[in-house]
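Me: I'd like to walk through a model with you and learn how to read it, feature by feature. Can we start with how strands pair up?

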Amino acid sequence: MTKISLFANTTTGNSYILASNYFPFLPQVSLINGYGALTGNTTAQASPTPKRYAKVIIQITSVSGTFSTGQGLTVQIGDGFVTQTVNNSAITSTGTVEILLTENQAVANVNGTQVSLIPMGLPQGIILTFNISGTSPSFGINAWVEWE
Amino acid sequence: MSSQTVKLGTQTITPNVQDLGNSYYIEFQVNITKYSNNPVNHTIVVKFVCNKYKQVVVPSANPLSSPTVQTVQKTIQECVDEWYNQHKSVYEVA
């Protein structure tokens with residue numbers, strides 16, 4: 001059975017769920033103090049215990065600010081030992097980033113474009129780092145892990 | 001792509017709206033006067049996805065009957081207000 005782990009914002013030092021406005025399957029999540037948007041570099045961690053696969057889903061539901069070339073949102077994924085960048089072109093529009101991890105494969109899909117990543121096994125802790133640049137930037141992000 | 005006028009703060013904006021089926025994709029420009037509590041004076045571009053429908057509780061005309069929950073379509077003004085409510089701590093609009 002597929003299970004779900006949510007990402008908690010670790011930058012603030014609080015266990016805030018990383019959610020901009022809603023989770024499709026947990027609408028009440030907005031009642032937990034995760035309501036809001038990210039304006040600066042932020043890390044978030046989930047702790048799944050996958051045996052077969054882990055699929056990280058990152059929904060970018062809102063983007064605001066002004067962005068010069070190269071500015072926007074860059075996502076990194078790590079397991080506490082190795083960190084790698086998911087998107088080389090900074091994101092400045094709403095969309096979805098998915099990362100599929102198996103024992104010997106890691107592949108991302110950034111708004112429909114496939115990206116190869118270095119396999120990282122099936123980590124018990126998945127750390128997302130959101131690097132944000134631009135003028136008055138703000139990103140609304142929902143992120144969770146589906147795993148088996 | 002459709003457009004209609006909505007209010008945001010003292011500004012009247014005309015967002016571009018794309019119907020995505022169960023949601024709207026909305027894009028507009030707005031002038032802001034504060035960002036993270038710091039005074040600024042510039043124009044930002046806002047892009048977001050808004051759920052197209054909301055659920056409302058409709059009381060029954062008969063006091064002995066239970067209220068019902070109905071799904072109704074949101075207006076673009078409601079979506080823009082929703083975005084601003086989520087970003088009030090980040091932006092102050094002119």
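Me: Which residue in S6(B) is the bridge partner of B:Lys34?

Reply: That partner is B:Pro39. Before going on, some ground rules: this is a predicted model, in which local features need pLDDT of at least 70, side-chain atom pairs count only at pLDDT 80 or more, and totals for chains, interfaces and linings use all residues. Residues are numbered from 1 along each chain as its sequence is written, and chains are lettered from A and ligands numbered from 1 in the order in which they are written. As for terms, strands (E, at least two residues) and helices (H or I, at least four) are DSSP runs numbered from the N terminus, and two strands pair if DSSP finds at least two bridges between them.

Me: How many bridges join S5(B) to S6(B), and in which sense do the strands run?

Reply: 12 bridges join them, and the strands run antiparallel. The hairpin of S5(B) and S6(B) has 2 residues between the strands, and there B:Ser36 takes a positive phi near 50 degrees.

Me: Which other strands of chain B does S5(B) pair with?

Reply: One is S4(B), residues 16–19, joined to S5(B) by 4 bridges in the antiparallel sense. Here B:Val17 has B:Ile26 as its bridge partner. S4(B) and S5(B) also form a hairpin, with 3 residues between them, and B:Gly21 in the turn has a positive phi of about 100 degrees. Then there is S9(B), residues 91–93, with 3 bridges to S5(B), again antiparallel. Back to B:Lys34: its bridge partner in S9(B) is B:Glu92.

Me: Zooming out, how many helices and strands are there in chain B?

Reply: Chain B has 1 helix and 9 strands, and along the sequence they follow β-β-β-β-β-β-β-β-α-β. The radius of gyration, taken over C-alpha atoms, is 17 Å, well over the 12 Å that the globule rule (2.2 Å times the number of residues to the power 0.38) gives for 94 residues, so chain B is more spread out than a compact globule. Its C-alpha trace spans about 55 × 30 × 20 Å along the principal axes.

Me: What about chain A: how many helices and strands does it have?

Reply: Chain A has 0 helices and 12 strands.

Me: What share of each chain counts as buried?

Reply: Take the rule before the numbers: a residue is buried if 20 or more other C-beta atoms lie within 10 Å of its own, exposed if 12 or fewer, and partly exposed in between, with C-beta atoms placed from the backbone. By that rule, 23% of the 94 residues of chain B are buried. For the 148 residues of chain A, the figure is 39%.

Me: Why does B:Glu27 count as partly exposed?

Reply: Because it has 17 C-beta neighbours inside 10 Å. B:Glu27 lies in strand S5 of chain B. Two residues are in contact if their C-beta atoms, placed from the backbone, lie within 7 Å. Setting aside neighbours within four places in sequence, B:Glu27 is in contact with B:Pro15, B:Asn16, B:Val46 and B:Lys47.

Me: And the core: which residues have the most contacts inside the largest nonpolar one?

Reply: The general idea is that nonpolar side chains tend to be buried together in soluble globular proteins. A nonpolar core here is a set of buried Ala, Val, Leu, Ile, Met, Phe, Trp, Tyr and Cys residues joined through C-beta atoms within 7 Å. The largest has 49 residues, and those with the most contacts inside it are A:Val75, A:Leu128, A:Phe139 and B:Ile26. Not counting residues up to four places away in sequence, B:Ile26 touches several residues, including B:Val17, B:Phe48 and B:Ile76.

Me: How many residues does each chain give to the contact between them?

Reply: Chain B gives 17 residues and chain A gives 18. On the chain B side, the elements giving two or more are S5 (23–35), S6 (38–51) and H1 (76–87). S6(B) gives the most, with 8 residues.

Me: Which strand of chain A pairs with S6(B)?

Reply: That is S5 of chain A, residues 54–66, which pairs with S6(B) in the antiparallel sense over 4 bridges. In S6(B), B:Lys47 is the bridge partner of A:Val63.

Me: Last one: what is the mean pLDDT of chain B?

Reply: pLDDT is the predictor's confidence in each residue, from 0 to 100. Chain B has a mean of 92, and 97% of its residues reach 70 or more. The model scores ipTM 0.87 and pTM 0.87.
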